[in-house]
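Visitor: I'd like a close look at one part of this protein, please. Could you walk me through some of its aromatic rings and what surrounds them?

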Amino acid sequence: MIFDDWSGGSGFFDIGGNIWQITPDGLGGFTVMPFDPLADLAAGALLPIILALPIAGVIMVGQPLVIALAAVAVGFMIATLLSALLHPVAGYGVFATCLTYLFGTLSWAVCDKFETHNPIYLFGYLGIAALVLIAWVLMGSAAEDAMDDVIPSLLSIGTAIGGFIASAMLFFTASADNRASYSVYAFRIMHYLLLACLVVGLLYRVVGLVRGQGKSLPLAALIGPVLAFLLGLIPLVVTGLLSATNSIITCVVFLALYVAIVALTPSLGTDIKASPAWVLLPLMLGSLLYLVAENASGMLIQTDASRALLNAAASNPLLVSLCQITGRVIAAFTDPIAFVFNGVADFLLGIFDQSCPNFAVADYVAMLVVLVLTTLALMLGTRLRTSLAKAS
C-alpha cells in the first residue's frame, strides 16, 4: 500500500513492471522497497483471522475482562495525575502495576475457562502470552525515551522488566494449585518497584523545588481533573434519581448530560485544563466497584494490597454510594440494551425462519455498552464545543 510516514513523504513508482515504495529514512536519504499489492491484500485478510481466535478467547471471559480493563483505566488516570504532580516515573510505576494486574487476571480467568469449557480459550491464553511480551517491550522502550534523566530511565526499564517477570509468573502458574502464593510473589515485585518509582518521583519533585525549578506543586494539573471528576458525577446522580422512571428517558438524559457538560463547560484559564476523559472517571470507578462487589468471589487475584483496597472501599460511604448509583445506571440501561440485542437476534434468525426466546443481558455487557455510548457522547460534546467556539 502507499505509505505516508510521519514527515509526510510518500511515493510509489512502477519500474519495469514492479511497484516500488520510496519513503524518507529520516537521515536525509530514502528507503526503497518492493511492494506486492496481492501479497499485501492477502496479509491484510489473513491477519484478522489469526487475531480473531485469541481476541475471542479473551472477550468470552466476561466479567474478569471488564474488571481488569476498568482497573487499568482508573490506574491510568491516577498515573496521569502523579506524572504531572511528581515525575513521570511515579505514574509509570502505577500504570505498570495495573497492567500486571490486567494480565494476571486475564491469565487466571482464561485458564480456568480453558480447563473446563471450550478449547478456544487455549488460543486466548496463547494470545495473552504474546500481548505480555509485546506490551512490556513497548513500555520499556517508550519509558526509556520519555525519561530525561538516567535514574528514572533505568528505573522505568527495570520496572518494565519486573512487570514482564511478574506477568510471566502469573501466566505460567495460572493452572497451578498454589497459584495464589505465586501471585503474592509477583505483586510483591511490582509493589516494591512501585514504591521505588514513587520515592524517586517525590525526590525529583523536592529537588526541583529546592533548585527553584518550581515554586509549588502544579496545582493546576490537579484542579482541572478534580473539577472534571465532580462534573462527571452529575449524570450519575441525576440518573440515580430518575431510575424509577421510563428507562429510555433515563438513558437519553444520562447521555445528553455528558454531551452538555463537555460542550458547555467554560474554560477556567490557560493553566487549568482537563481532558474530557476525566469526566468518565466517576463512571469507570463506579463500574469497577460495582462489578467487584457483584462478582469478586473466585474472580480476582487476591493479595494483601487488593484485600486492603476492597475492605477500604466497602467501608467508605462515598464509594459505597458511588457503587450503588452506578448500579442504578446499569439497571436503567439493561432493558433497552436487551431489547436491541433481542431485536437484532430475532431479525437475523428470522431470515432463516427461526427464532429464539428473549434473553437477559449480563451486567458487565450493559456496563461495556454504557462506557462505549458515554465515550461517544463525550466525543460529540467535544465536537459541539469546537463548533460553538468557532461560531463565537
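Visitor: Let's start with F254 and Y258: in which helix do they lie, and how many residues apart are they?

Guide: Keep in mind that this is a predicted model. F254 and Y258 both sit in helix 8, which covers residues 247-264. They are 4 residues apart there, or about one turn of the helix. In general, an α-helix has 3.6 residues a turn, so residues three or four places apart point the same way. Now for the rings themselves: the centres of F254 and Y258 are 5.0 Å apart and the planes stand at 75 degrees, so this pair is edge-to-face, the label for angles over 60. As for solvent, F254 is buried, at a relative accessible area of 0%, and Y258 is buried too, also with a value of 0%. The cut-off for buried is under 20%.

Still, helix 11 has a kink of about 30 degrees at T334, shortly before the proline P336.

Another of them is Y101 with F187, a tilted pair with 6.1 Å between centres and 55 degrees between planes. Y101 belongs to helix 3 (residues 88-116) and F187 to helix 6 (residues 179-210), so this pair ties together parts that are 86 residues apart in sequence. Both Y101 and F187 are buried.

As for disulfides, the structure holds 0.

To put all this in its setting, the chain has 12 helices and 3 strands. Of its 392 residues, 38% are buried. Among contacts with a separation of 6 or more, 70% come from residues 24 or more positions apart.

Definitions and conventions. Residues numbered from 1 in each chain as written. Predicted model: local features only at pLDDT ≥ 70, side-chain atom pairs only at ≥ 80, totals over all residues. Heavy atoms only, no water. Phe/Tyr/Trp six-rings, centres within 6.5 Å; stacked < 30°, edge-to-face > 60°. Helix = DSSP H or I, 4+ residues; strand = E, 2+ residues; numbered from the N terminus. Buried < 20%, exposed > 50% of the residue type's maximum accessible area, 1.4 Å probe, protein only. Bend = angle between axes of the 7 residues up to and from the residue. Disulfide = S-S within 2.5 Å. Contact = heavy atoms within 4.5 Å.
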